[in-house]
Amino acid sequence: MTMTAPASAPDRSPLTPPTAAPARRRRRTTTSRTGWAYASPTAALVLSLFVVPIGIVFFMSGSDWSLLGGNQGTNFPENFTQVLAHRQFWPSVRFTLLYTVIATVLLIGLGLGLALIVQVSSRWSGFLRTAFLLPTALGLASASLLFYALYSPQVGPVSRWLEQLGVTEGVVSILGSPAGALWGTVFLVVWRFAGFYMLLLLVGLQNIPGDVYEAAKLDGAKTWQTFRSITLPLLRPSLALSTIMCVTGSLLAFDQFYILTKGGPDSSTMTVVQLIYNLAFESKRDLGMAAALSVITLLALVAINVFQLRAMRGSSES
Amino acid sequence: MNARTSRLGFRTPYYVLTAGLAIVFLYPLIWTTVSSVSPQPGSAQVEGLGFNNYATLASYQAGLPHYLGNSLAISLVAVGVTLLAATFGGYAFARFSFPGKNALFLVTLSILMVPYATLLIPLTIWLKTLGLNNTLVGVGLVLAVFQLPFATFMMRISFEGVPKEIEEAALMDGCGSFGALRRVLVHAVKPGLITIGLFAFLAAWNDFMVPLFLVGGDNQPLPLALVNMRQQVMGVIDYGSTQAGVVVLTIPCVLLFLLLQRHYVNGFMSGALKG
Amino acid sequence: MLALGLVLAACSGGDDGTGTTGDGSGTGGDAGSGEGVEGEGVDDGTELTMWTRAPLERQATLLVDAYNESHENQVNLEIVPNDDMEGKVGAAAQNGDLPDLLAGDVVRLPYWVDNGLFTDLTDQIEGLANFDDIAVGHVDAGTTPDGARHTLPFVTDVSVMVWNKDLYEQAGLDPEQGPTTMAEFQEQAEAVQALDQDGVSGTYFGGNCGGCLVFTWFPSIWASGDEVISEDGRESLLGGESATALYDVYAALEEGGAIGAGSNEETGATWTAPFSEGKVGVMQYPNTAVYSAIEAGIDVGVAAIPGMDGGTSTFLGGDAIGVSKDSENVDAAWNFLSWLVSEDAQLEVVAKNGEVPALTTLLDNEYAAEDPIALTINSVVENGRTPVAPYFSEAFNASGSPWVSMVRTATFDGGDSVEADNELITEVLDQ
């Protein structure tokens with residue numbers, strides 16, 4: 001019954017949620033003019049503060065535009081070739097993808113686990129829900145500053161714990177080694193966002209009708225079997241939405257690395273957006289190159305998201 | 001499912017595991033709060049417990065109230081604009097068909113896909129042209145735009161989740177579509193509004209990079225002052241005042257969150273995020 | 001604006017800078033509110049804006065407060081985060097929104113000047129009565145190849161060798177005698193490390209911080225009689241004999257475990273903190289942080305940074321200041337600048353607060369005479385150097401710069417690629 005619901009509108013992207021009311025003919029009294037009138041604040045904001053600046057970015061990406069000197073004529077396609085040839089370009093792409101895979105797997109996995117834990121209604125799980133959601137009230141920058149102190153061997157406790165647990169020899173700064181910097185940042189991000197994904201997936205869980213479980217129980221299905229053959233498939237739309245948000249967010253990761261690692265040590269945690277910032281304001285001070293890398297990133301993200309939507313639609317139809 | 005999980009609930013390992021998780025999630029917040037009043041080298045609080053770090057924070061440069069006022073102004077603009085645009089926009093996307101609807105919706109969502117570090121310089125140039133450079137309103141507007149993808153999406157599904165009958169009844173009563181929106185629908189989507197409002201507030205209240213580039217002088221908000229205060233001496237981080245700053249920044253967020261939590265969670269539930 | 005700057009520069013070339021000058025004690029104010037104000041500029045109650053970076057806030061505030069108290073003009077100081085200074089300045093430069101007075105790191109400054117961010121002040125600067133006494137590094141950083149001058153010293157920050165006297169005593173070293181060669185430095189660091197105290201290490205450095213490494217290591221190379229970059233700033237000479245020997249000292253210290261935990265990933269944010277907490281035996285240090293360490297209760301020994309086999313040098317760092325291209329109050333801004341380098345301000349504000357004065361005549365001043373540490377710090381200035389190169393910041397300071405990679409490979413990883421890495425630095429310098 002509900003299992004086929006996500007596939008009922010193949011021409012619609014999963015991001016466009018199915019309407020709650022079944023496909024009833026919309027009354028034709030709604031005029032497109034009223035629609036536009038309501039959409040106009042959004043349109044005005046998007047146009048004036050997003051489309052125009054993005055236009056400037058595209059223009060910059062074809063221009064010889066230095067940070068201090070401003071626009072000095074066209075430089076197309078050199079900006080793009082220079083970015084592609086930059087020694088940190090491919091390492092940053094590789095690292096960004098690695099980070100995205102790790103963060104997405106952990107966040108969705110943990111988010112689902114937490115959602116399963118808090119889905120019963122009891123005072124204890126109400127408390128747990130609040131505890132898991134509380135970190136989402138912090139700004140990412142504040143959270144990064146907090147963890148910067150937490151990880152610091154001078155004031156934070158974490159280095160000492162790792163030493164006592166025998167993970168490290170002596171008091172070592174967590175952000176010091178490439179692996180430590182990666183996992184330290186991943187931990188921060190999981191801490192900050194797990195509650196959010198828990199909430200998204202909780203919504204999906206709560207919409208699975210109870211009688212499906214009853215039926216499975218009558219058939220003698222084990223807990224794990226129920227989870228695999230009922231919960232997961234019915235949760236697919238929520239999982240798809242979470243995954244898309246998580247992948248997009250992780251590919252654009254910046255604040256956490258900017259505050260925690262600055263791309264170090266040894267440029268090992270240089271994400272693509274960190275490289276954009278670095279090209280624009282630190283090393284090259286070349287806004288043209290930075291804009292070119294932004295355009296490349298934007299196109300890649302659009303392609304990745306189109307691919308994700310296709311893949312998810314395909315798998316839910318099968 | 002209740003039977004399944006409540007069976008789990010009676011087991012001690014369940015409580016041990018979940019309590020452990022709760023501690024992991026709460027510990028950093030508690031640690032920061034405690035550390036901010038504890039003695040630390042290189043901070044204003046060198047011996048014993050006390051509020052010296054908060055005193056440093058309160059008297060830094062233009063003073064804490066000044067920065068808080070700026071942060072508040074930026075956040076109010078961002079929240080107001082987000083609510084307004086997303087309510088009308090969500091309604092339009094949910095209930096009307098008009099040319100360019102899908103294109104506008106997709107462009108709005110694509111804001112999520114742009115690395116915002118790149119937009120900073122174009123925005124400074126463009127805001128100057130618009131006469132909004134170095135204004136709190138300008139920063140609020142920009143932060144609101146970054147909230148639009150999530151907010152519009154959320155409000156669209158919230159409106160779609162409202163049964164058509166409610167709206168039709170209102171229209172029958174002689175309301176125009178605006179009357180129906182104002183008198184009836186807004187109440188039906190209240191959880192969604194609270195959710196996006198809270199989101200917009202949290203984002204605007206905590207942001208430091210956008211204000212850094214778009215305002216200066218007397219218009220700096222608290223997060224920016226905090227970043228400056230962190231490094232007053234070459235090569236030393238004042239962890240104490242940083243922690244105090246994180247606490248001051250976080251308290252309003254946590255209070256607001258706890259106050260609105262029920263509605264906030266409902267906002268997710270009531271929307272047709274249902275799959 | 002840029003064109004105007006060029007015209008001014010062309011004019012001043014023939015002027016030779018011998019125009020009339022203020023005598024340093026005049027009443028000022030109306031020295032000339034028209035074109036080409038020299039002397040003391042205008043003090044008519046103008047509101048001036050000024051930017052400086054966060055780590056120099058203390059020094060900047062002292063100066064600005066002292067100026068505001070004694071003048072009609074009022075300077076509004078805005079603090080900018082250290083790491084975002086370049087972006088903030090760039091955005092403002094594109095919009096014509098730069099403040100009247102702009103201070104910047106001396107190694108970044110040549111690039112700013114090249115891009116026309118500053119107003120040409122050749123006549124005013126060369127017209128100063130005490131022009132010959134002003135420390136040249138900060139003036140040269142703001143001088144274009146055609147001789148046009150733009151900047152004056154704002155805050156002088158030099159690197160010195162510091163050691164913890166208590167730890168030295170415990171380690172059986174002479175607490176009054178710091179290292180005079182880098183070999184002694186190594187021995188003394190190892191001796192402190194041998195105390196094997198919890199959290200205490202022989203030495204510490206910003207191992208992932210290009211700016212710190214430049215500031216602390218270049219002096220040893222200069223003191224050994226070598227150069228770090230070619231005169232035109234387009235070739236790296238960091239694969240030379242004394243440079244390599246310096247990396248070897250640190251590689252040996254690393255192998256012996258005498259380098260503090262955290263050095264490896266120190267991005268510069270906390271690089272002076274361990275010493276000021278009493279956790280480090282001996283290290284190179286910024287003079288602006290020495291007093292913080294003393295305030296924190298450390299018994300600090302101070303000496304000049306030695307070369308491999310003796311000699312001394314220092315990195316003449318800190319910030320220089322000029323009037324931005326966007327300023328509409330050049331004459332009033334000049335009033336601040338001319339006051340800044342006056343003997344009065346340098347003695348009663350800068351020297352009195354233990355900082356290094358920008359006037360060579362004041363290095364041996366009455367306040368320093370009472371304070372042996374200040375005297376030591378001031379005495380290292382005359383051997384000080386400031387490297388100037390257009391792409392300096394990209395080659396050395398930027399995160400992940402080739403210089404940082406080179407040092408890290410040579411010290412932490414025990415690698416053997418100094419020559420190849422040196423080539424990479426040259427590639428960036430000579431683009």
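Reader: At what angle do helix 4 of chain A and helix 2 of chain B pack?

Author: Axes are lines fitted to C-alpha atoms, for helices over the stretch in contact, and angles run from 0 to 180 degrees between N-to-C directions. Helices are DSSP runs of H or I with at least four residues, and strands are runs of E with at least two, numbered from the N terminus. Here helix 4 (residues 123–133) of chain A and helix 2 (residues 12–36) of chain B pack at about 30°, with axes 8 Å apart. Helix 4 of chain A is therefore roughly parallel to helix 2 of chain B, a term for angles under 35 degrees. This is a predicted model, in which local features need pLDDT of at least 70 and side-chain atom pairs count only at pLDDT 80 or more, while totals for chains, interfaces and linings use all residues. Residues are numbered from 1 along each chain as its sequence is written, and chains are lettered from A and ligands numbered from 1 in the order in which they are written.

Reader: Which residues make the contact of these helices?

Author: Two residues are in contact if their C-beta atoms, placed from the backbone, lie within 7 Å. Helix 4 of chain A contributes A:Leu128, A:Ala131 and A:Phe132, and helix 2 of chain B contributes B:Thr18, B:Ala22, B:Phe25 and B:Leu26.

Reader: How many residues of chain C are in contact with chain B?

Author: The contact joins 30 residues of chain C to 22 residues of chain B. Helix 3 of chain C gives the largest share of the chain C side, 5 residues.

Note on methods: Parallel < 35°, antiparallel > 145°, perpendicular 65-115°, else oblique.
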